[in-house]
Structure formats: C-alpha cells, structure tokens
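Visitor: Could you show me how to read a few features in a structure like this one? I am new to this.

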Amino acid sequence: MEWGNYSMYADFLLLGLFSDNDFPWLLFALIFFVFVISIASNTIMIILIHIDSRLHTPMYYLLSQLSLMDILYISTIVPKMLVDQILGQRAISFAGCTAQHFLYLTLAGAEFFLLGLMSYDRYVAICNPLRYPVLMSRKVCMLIVLAAWLGGSIDGFLLTPVTMQFPFCASREINHFFCEVPALLKLSCTDTSTYETAMYVCCIMMLLIPFSVISASYTRILITVYRMSEAEGRRKAVATCSSHMVVVSLFYGAAMYTYVLPHSYHTPDKDKAVSAFYTILTPLLNPLIYSLRNKDVTGALQKALGKCLSSGSVSTF
C-alpha cells in the first residue's frame, strides 16, 4: 500500500536510547553488562527453584514464571540495540518492528497480570494459611500462569495489528530505542486520536484490574498483620510481601507514566529514560530484590554453590 511517496511496509530507523550520546561504547558496555547480569540472575532463579525441593511452592513457581518473562522481555529489545551499536546501523524492517511490538506488549501485559495474581498468593498464604494448599493447589497455580500469559497475548493481538496498519510517513525515524506504541504513532500520516483514546482506556483497564487485586489483597494482609500477636510472624509476613510491593511499584509506576499521564508531561528523552528503566533495569532488579531479601533463595544458592565446590574439589583428586 502506498501513501504519497511512502510505502507502508518500508523500514524504520531507530534513533537509539541517547541519539546524541558522546560515549557510545560506554553506553554499550553498560547495557551489555546489565543484559548479561539480567539473563544470568533470572536463569539462576529458575534453576534454583527447579532443583531445590524447599522452593517447590506456589510462590516460587510464580517467581520462576516472572523470571522467564523477564528473560524474554529483555531479550526482545536489548540484543537488537547492542547489534545496532556494534554494526553502526539503525534500520529495523517493518516485519521486525511488528514482531518486536507484539512481543513487547504480550510480555509486558503478562507481567502486569502475573504481578497482580501473585498478590493473591500472598493474601491466601497470610490470611488463610490453613486453606493455602487447597486455594493455591498446583492446578490453581497453572491456571494463574495461563491467565497471565493469555491476558498478555490478548493485549498483543489486539493492539499490534491496529498500530501497524496506520500509514507511516515523515522520515520514518522512531525517536526511541525500540518499536514502542507512542513513538510509532507519532509517525502516522493520519489522525490517531481515536485509537489513542481507546488504547488509553485499554491500558487503564489493564492497570486497574491487577492494581485492584493488589490493593484488595494487601489491605487484607495489612489488617491481618496488624492483628498478629507474634513479632516473628509479623516480621516474616512483612518481609515476604515487601519484595513484591517494591517490584509492583517499580513496574506499574513506569508503565503509568508511559501510558496514563497526558502528553504534556512527556518529552522524547523522558520517555526513553522511563522505558529503559522498565524494559532494561527492571528485569535486572526483580531477581535481585527477591533473592537478596529472601532467606530461602539465598539458602538454596549457598547449598547449590556448596555442592558445586565440593564436586569440583573431589574431581581434582
């Protein structure tokens, strides 16, 4: 399809994270370091949860899914950035942009829903501990994970075809480091205000539904914790919930800035900085927050390292 002198399916140009950066190799090294640590730490989380029987619980099963989402999430965006930096290129094909757009929306949406449903797990564990094995059975855990992935997929399948069917004109230069919706819509030849309003409502619902579950769950948790007579039980409940609340605050806060705040609050540099935070840094922070604040995970890591060291010592003799 042609619109004037512009082809709907022509390549785009990604201007990058900092288009006027004076130290490109320093930026490359920093992003590469964050990417490697993110992949490694999330992979370690998944392996520990799989091999350590003490971590075979619903909470850690959901955490393993969060780590899997983070691995896929950062892998959708960062490798392209790093390759472009090495090769000195900025082009991304229409098909590549569409695929990146779809995967980003799907994985971000799935993480939104999973974080909301994880608060339900904490609610049941603290407020209904005797019914926890029933209310959070293996079947329920599988349904929770399936619902999160399905919700994210619906988001991707609904928004991607509509976003990519607009005619894109101008210079086709995306002032961003990946194919994010707001940056793409700025290149459209037609009025996208109706679609932006519909997308705004959709994003509000996607944020509101999980946030309502989180708010209701943690309201009940706070009431239960306040009524606890044992200081140790209160401390453990707060410790297990605080990590989740930190992750929720980081992820939801950045998403609300990008998709909920009016245009008057946005600038290209601010948008890229916030997007970098929740697409690059959040996958790094999530496993660190959960592992450093969790004695079960640190204990499993120490146990695994002890086995590796002892087997290595035996093999040398």
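Guide: Gladly! Buried means under 20% relative accessible area, exposed over 50%, and partly exposed in between (1.4 Å probe, protein chains only). T279, at 0% relative accessibility, therefore counts as buried. This is a predicted model, where local features need pLDDT of at least 70, side-chain atom pairs count only at pLDDT 80 or more, and totals for chains, interfaces and linings use all residues. Residues are numbered from 1 along each chain as its sequence is written, and side-chain values use heavy atoms, leaving out hydrogens and water.

Visitor: Where is T279 found?

Guide: Helices are DSSP runs of H or I with at least four residues, numbered from the N terminus. T279 sits in helix α9 (residues 268-292).

Visitor: Which residues does T279 touch, not counting those up to four places away in sequence?

Guide: Contact means heavy atoms within 4.5 Å. Beyond those sequence neighbours, T279 touches Y73, I74, I77, Y104, F177 and F178.

Visitor: And how do I read the aromatic rings?

Guide: Rings of Phe, Tyr and Trp (its six-membered ring) pair if their centres lie within 6.5 Å; planes under 30 degrees apart count as stacked, over 60 as edge-to-face and the rest as tilted. By this rule the count is ten aromatic pairs. One of them, Y73 with Y104, is stacked, at 6.2 Å centre to centre and 10° between the planes. Y73 lies in helix α2 (residues 58-87) and Y104 in helix α3 (residues 94-127), so this pair ties together parts 31 residues apart in sequence.

Visitor: Are Y73 and Y104 buried or exposed?

Guide: Y73 is buried, with a relative accessible area of 1%, and Y104 counts as buried at 2% relative accessibility. Y73 and Y104 also form one aromatic cluster with F177 and F178.

Key:
Helices (H or I, at least four residues) and strands (E, at least two) are DSSP runs, numbered from the N terminus.
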